Amino acid sequence: MRTDTGQMFRLSDYTPYPFEVESVDLAFALEPEATQVKATTNLRAKGDTDTLFLDGEELELLEVSLNGEALAAE
């Protein structure tokens with residue numbers, strides 16, 4: 001996580017995470033030139049939400065799937 005952005009976060013801006021994280025499974029393929037991480041996460045929406053943001057830096061996203069079906073890039 002970058003901390004050099006100067007962005008301030010206030011407790012009053014906090015909203016609970018709209019998903020319950022049921023499980024996270026990480027598999028690592030460690031190589032000197034490139035490391036691959038396969039992350040399988042089971043989430044359950046806690047309310048009326050259909051938006052999930054994936055946020056990462058210097059990562060190459062290879063695939064995202066929902067209920068076993070690959071999603072389009074957009």
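Strands are DSSP runs of type E, at least two residues long, and they are numbered from the N terminus. In this predicted model, the chain reads β-β-β-β along the sequence. It holds four strands and zero helices.

The overall form of the chain was examined next. Its radius of gyration is 16 Å. The globule rule gives 11 Å for 74 residues, so the chain is more spread out than a compact globule. Along the principal axes, the C-alpha atoms fill a box of roughly 45 × 35 × 25 Å.

Burial and surface were also computed. Residues count as buried when their relative accessible area is under 20%. Buried residues make up 1% of the 74 residues in the chain. The accessible surface comes to about 7,700 Å². Carbon and sulfur atoms account for 50% of that surface. Contacts between residues at least 6 apart in sequence were sorted by separation, and 35% of them join residues at least 24 apart.

Empty space was then considered. Rolling a probe the size of a water molecule over the atoms shows where such space is left. The largest share, 10 residues, comes from E2. By residue type, the lining of the largest pocket divides into 17 nonpolar, 11 polar and seven charged residues.

Terms used: Residues are numbered from 1 along each chain as its sequence is written. This is a predicted model: local features need pLDDT of at least 70, side-chain atom pairs count only at pLDDT 80 or more; totals for chains, interfaces and linings use all residues. Side-chain values use heavy atoms; hydrogens and water are left out. Ala, Val, Leu, Ile, Met, Phe, Trp, Tyr, Cys and Pro count as nonpolar, Asp, Glu, Lys and Arg as charged, and the others, Gly among them, as polar. The radius of gyration is taken over C-alpha atoms; the globule rule is 2.2 Å times the number of residues to the power 0.38. Buried means under 20% relative accessible area, exposed over 50%, partly exposed in between (1.4 Å probe, protein chains only). Contact means heavy atoms within 4.5 Å. Accessible areas come from the Shrake-Rupley method with a 1.4 Å probe; for residues, only the protein chains shown count as cover.
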